[in-house]
Amino acid sequence: MDYKKVKRKRPKSPPLVLSAINQKGGVGKSTTSVNLGAALGEKGFKVLLIDLDPQGNCSSGVGFDKRSCEYCSYDCLLNDDVSTEETIVSVEWKDLWLIPATINLAGAEAELVQIMARETRLKEALEDVRDEFDFIIIDCPPSLGLLTINALAASDQILIPIQCEFYALEGLSKLLDTQKMVKKRINPDLEIFGALLTMYDRRTSLAKQVAEEVEGFFGDKVFKTVIPRSVKISEAPGFGMPITQYDPSGKGAKAYKEFADEVIKRSKSS
């Protein structure tokens with residue numbers, strides 16, 4: 001469906017652009033981007049997912065066939081002959097659209113180095129479509145390079161998924177230093193939206209210990225919802241489905257729906 005034919009749920013409120021970021025891999029960035037986007041869409045909000053990770057997990061997670069891709073997020077960053085509107089594709093899930101990633105994005109970091117205003121290419125690309133959506137969620141790569149800097153420059157706030165494992169907080173100080181640098185030099189409005197605990201196993205003392213450490217580090221920025229460790233959540237991307245569709249009555253779907261409610265509530269006060 002053409003995204004222009006669908007009305008926003010909150011047309012009088014400015015859209016919220018969120019970057020899901022953590023330079024550690026495997027913490028649930030893509031999973032969270034997909035499932036939060038789908039849960040918000042199911043609640044009637046108009047959502048755009050931007051896959052900025054060359055691995056393209058966010059794209060495949062919503063069932064998009066990257067082999068059929070004409071344009072992708074690479075074109076948003078580096079192809080001035082392609083409009084952002086042309087990169088947006090429809091996916092099967094309610095009120096959800098995607099700017100996909102392909103392997104072309106793998107070389108974007110090196111190419112961006114040669115470009116003027118290289119840190120704000122994505123921000124400029126989104127100017128024409130930003131106000132069409134209630135939420136824009138950017139799935140960042142597991143690094144703090146130019147792709148992530150572009151995401152932060154284009155975002156209002158950052159969302160930090162944190163896996164409940166040893167060394168969960170390792171590297172977060174560098175991430176926050178990057179956020180502060182971008183806020184100081186590029187995007188003065190950039191703030192921390194919150195930290196989300198993922199892969200939480202209530203049976204283990206480690207998970208509880210990590211949760212306490214994260215709460216000590218982020219305080220009231222930690223979301224009350226925690227995402228449980230779940231086989232179903234792990235399986236869903238293989239079928240190109242968000243968990244709310246793959247296992248709608250399961251604990252994973254319930255958690256992401258509750259998380260979406262928190263995001264909606266927090267977005268009203270941000």
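1. A search of the whole structure finds 0 disulfides, a disulfide being a pair of cysteine sulfur atoms within 2.5 Å. The sulfur of Cys69 has its closest cysteine sulfur in Cys72, at 5.1 Å, which is too far for a bond. Cys164 is buried, with a relative accessible area of 7%; here buried means under 20% relative accessible area, exposed means over 50%, and partly exposed lies in between (1.4 Å probe, protein chains only).

2. The model is predicted, so local features need pLDDT of at least 70 and side-chain atom pairs count only at pLDDT 80 or more, while totals for chains, interfaces and linings use all residues. Residues are numbered from 1 along each chain as its sequence is written, and side-chain values use heavy atoms, with hydrogens and water left out.

3. The largest nonpolar core has 90 residues, and those with the most contacts inside it are Leu40, Val62, Ile138, Ile160 and Phe218. Helix H12 (residues 251-269) supplies the largest share of this core, 7 residues. A nonpolar core is a set of buried Ala, Val, Leu, Ile, Met, Phe, Trp, Tyr and Cys residues joined through side-chain atoms within 4.5 Å. Helices (H or I, at least four residues) and strands (E, at least two) are DSSP runs, numbered from the N terminus.

4. Which residues does Val62 touch, not counting residues up to four places away in sequence? They are Val34, Leu49, Val91, Trp93, Leu96, Leu98 and Gly240, where contact means heavy atoms within 4.5 Å.

5. The axes of helix H1 (residues 29-42) and H12 come within 9 Å and cross at roughly 75°. H1 is therefore roughly perpendicular to H12, a class that covers 65 to 115 degrees (under 35 is roughly parallel, over 145 roughly antiparallel, and the rest oblique). Axes are lines fitted to C-alpha atoms, for helices over the stretch in contact, with angles from 0 to 180 degrees between N-to-C directions.

6. On the H1 side, Thr31, Thr32, Asn35, Leu36, Ala39, Leu40 and Glu42 meet Tyr256, Lys257, Phe259, Ala260, Val263 and Ile264 of H12. By class, this contact has 8 nonpolar, 3 polar and 2 charged residues. Ala, Val, Leu, Ile, Met, Phe, Trp, Tyr, Cys and Pro count as nonpolar, Asp, Glu, Lys and Arg as charged, and the others, Gly among them, as polar.

7. Thr32, in helix H1, is buried, with a relative accessible area of 1%. Residues up to four places away in sequence aside, Thr32 touches Gly37, Leu159, Pro161, Leu196, Thr198, Tyr256 and Phe259.

8. Helix H7 (residues 146-154) is largely enclosed by the rest of the structure, because 9 of its 9 residues are buried.

9. Two residues deserve attention for their backbone. Most residues other than glycine have a negative phi. Ala117, however, has a positive phi near 55°; Ala117 lies in the loop between helix H5 (108-112) and helix H6 (121-126) and is partly exposed at 42% relative accessibility. Met199 likewise has a positive phi, of about 55°; Met199 is found in strand S7 (residues 191-200) and is partly exposed at 24%.

10. Pro237 sits in the loop between helix H10 (231-235) and helix H11 (243-246) and is partly exposed at 36% relative accessibility. Apart from neighbours within four places in sequence, Pro237 is in contact with Ser60 and Gly61.
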